[in-house]
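The sequence and structure are shown below.

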Amino acid sequence: MIANNYFTDDEDLKLIFEHLIDWASIVKSTEGEEFFEHELYKKTNNPRYEMAPSSVEEAVELYRSSLESLGEFFGKDVSQLSSIMDRKHLRYENGKVIFPDETTSIYEKFRDTGLMPFSISREAGGLGLPGTISAFYGMVMARADVSFCMTVALLNLAQIVSRYGTEEQIENFAAKAATGETLFAMSLTEPDFGSDLNNVRTTAVKMEDGHYRLNGTKRFISQGCGLGPYPSSLLTLARTGNGGARGLSVFLVKSEDVTVAGIETKMGIHASPTCEIVYENSYGELLGQEGLGLTRYTTGMTNFMRLGSAACGPGSAAGAYYESLKYAEERQQFGKSIVEIPAVAEMLHKIKREMNASRLLTFETARVVDMYQHHQIRLEKANKEDREIRKDERVKKWGNLATVLTPISKYYCSEEGHKCAGLAIQIHGGAGYTEDYDVARIYRDSRINTIYEGTSQIHVRIAVGAIVAGMSGEGNFKKYLESIKAEVESPSKYLNEQSQIFEDAIAKFKSIADDQAKERVAENLMIITSRYLCSMLYEKATSKLKQNDQFDRWAKDCRAYLIDSTAISKACIYRIENAV
């Protein structure tokens, strides 16, 4: 793969950071208007809060320097080992998962940078960065290697423990993840119940000492075995009560207390272990309260991972774009570089505009999360009642929007990221179908993104109902879309046309009487919504760049993206109109 800094040498990613993110609102929402943790450091001199910024400017400089370091490490270290780790695979022998030496060594090297615990709270020894920066991290890491990106993202699930755990659990689990002593895994899925978590059968029985013993089997558990000498902490969903969601709780279980029955042989992400885990009277510690495992804690985990999955989409697209651009500039056919062939140039252009549209959607979703989540956590830490927190205006407004935008982003970015990887194969021609070039691995690895953390079809089901409900009357989603469009200085005819298509699609979708027919065409409404939102964000971003020397290029890309999206939306509403 290309070896350079995957942040500073990525012209558009750097431009987005410097010119298109509303850092003032994100920093103040994350740190609080009073910059609470900096003030705490001044009072206590606790080294865990030493990096807490005291101003917006200081925070942005911290974010910038961390991304520059991350881009250097992933662009020049991880990227150069990706194909090696992919080819060597993983081995399962005598109940143990054997990793390539390169995987263990790069993990240890990254741990030493101090960048690994980006989403873990400072209370637990992490960096406590906002979700917007986590999205930047995901894009940089996924471009270099999706498998290793998964390892690091899963480790940051420790944020759930620092949010809901006891002081002892924060030190024993979250703080150890922050230093890289342990990894983390989500242990939710079971052999007979994929995304149907309401029917989880793994049981947890409370013992006299207050802890629990778990019995059952989990499947498709990424990083459930740990990594070499570094164990995992498994966030395990198990039944403590009767059937249904209210009978489920989440437990912290150490990987040394379970049996790894095997690992999957997969199409891609060869350096990421996907394990079958067996619990036999395994010792577990309850996280938070009984009965809230699915409704509170699992939702927190899956939303974090879904936002990370959304970021992986443009991450894979960036890998596809830059590797294909290099190949197209060097490959000679018919007496010229193939980049000069219009059909090839258009494929490259399409990857780039889809990559940037996906980036804008991911960052917008992360912004919405940042606008309420840190505030909500502060309320929780202040021991406010759940009812009071739910009534909080900021939590209500932005939290409701996040429940709509998270599945939209995960769906759109994962689907388009994989399509971009497919175009990269096509640009490489026959060579792309071999394993001689990195685009083959990028293509295989990007495919998982449309499946894990809930398939694209599940996200359609989650989002479409919320979209329709949010567009009625004074709906929150309707107001939100109107506020985004109001920020577009001069909406193009394509954007106005998409706006009308979107409104018509909502009305026609609601009028479908047959529920099965409605479900069959639901994905079309999801596509219309996704592209309309991305189109608004693209035009809004472009209008902000009028004084920038990249304006002409962005305006050209934006126009092409909107033409694509308007044409696609017309096809989608035709299907909705003719639903059978």
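How many salt bridges does a search of the whole structure find? The search finds 41 salt bridges in this predicted model.

Side chains of opposite charge can pair when their charged atoms come close.

## Packing of α1 and α7

Two packed helices are described by the angle between their axes and the distance between the axes. For α1 and α7, the angle is about 175° and the axes are 12 Å apart. Because angles over 145 degrees count as roughly antiparallel, α1 and α7 are roughly antiparallel to each other.

On the α1 side, the contact is made by Leu13, Ile16 and Phe17; on the α7 side, it is made by Ile133, Phe136, Met139 and Val140. By class, the contact of α1 with α7 has seven nonpolar residues and no polar or charged ones.

## Packing of α12 and α20

Helix α12 (residues 342-370) and helix α20 (residues 515-544) have axes that come within 9 Å and cross at roughly 95°.

From α12, the contact involves Arg353, Glu354, Asn356, Ala357, Leu360, Leu361 and Glu364. From α20, the contact involves Arg531, Leu533, Cys534, Leu537, Tyr538 and Ala541. The residues of this contact comprise eight nonpolar, one polar and four charged.

Rolling a probe the size of a water molecule over the atoms shows where empty space is left. Across the whole structure, four cavities of 30 Å³ or more are found. The largest cavity has a volume of about 50 Å³.

Lining the largest cavity are Ala142, Arg143, Ala144, Asp145, Val146, Ser316, Arg441, Ile442 and Asp445. Helices α7 (131-144) and α16 (438-447) each contribute at least two residues to this lining. The lining of the largest cavity divides into four nonpolar, one polar and four charged residues.

Conventions: Residues are numbered from 1 along each chain as its sequence is written. This is a predicted model: local features need pLDDT of at least 70, side-chain atom pairs count only at pLDDT 80 or more; totals for chains, interfaces and linings use all residues. Side-chain values use heavy atoms; hydrogens and water are left out. Axes are lines fitted to C-alpha atoms, for helices over the stretch in contact, and angles run from 0 to 180 degrees between N-to-C directions. Helices (H or I, at least four residues) and strands (E, at least two) are DSSP runs, numbered from the N terminus. Contact means heavy atoms within 4.5 Å. Ala, Val, Leu, Ile, Met, Phe, Trp, Tyr, Cys and Pro count as nonpolar, Asp, Glu, Lys and Arg as charged, and the others, Gly among them, as polar. On a 1 Å grid over the protein atoms alone, a cavity is a set of points where a 1.4 Å probe fits but cannot get out, and a pocket is an open set with protein on both sides within 12 Å along at least five of seven lines; lining residues have an atom within 4 Å of a point. Grid points are joined across faces, edges and corners, and a volume is the space filled by probe spheres set on the points. A salt bridge is a side-chain nitrogen of Lys or Arg within 4 Å of a carboxyl oxygen of Asp or Glu. Angles under 35 degrees count as roughly parallel, over 145 as roughly antiparallel, 65 to 115 as roughly perpendicular and the rest as oblique.
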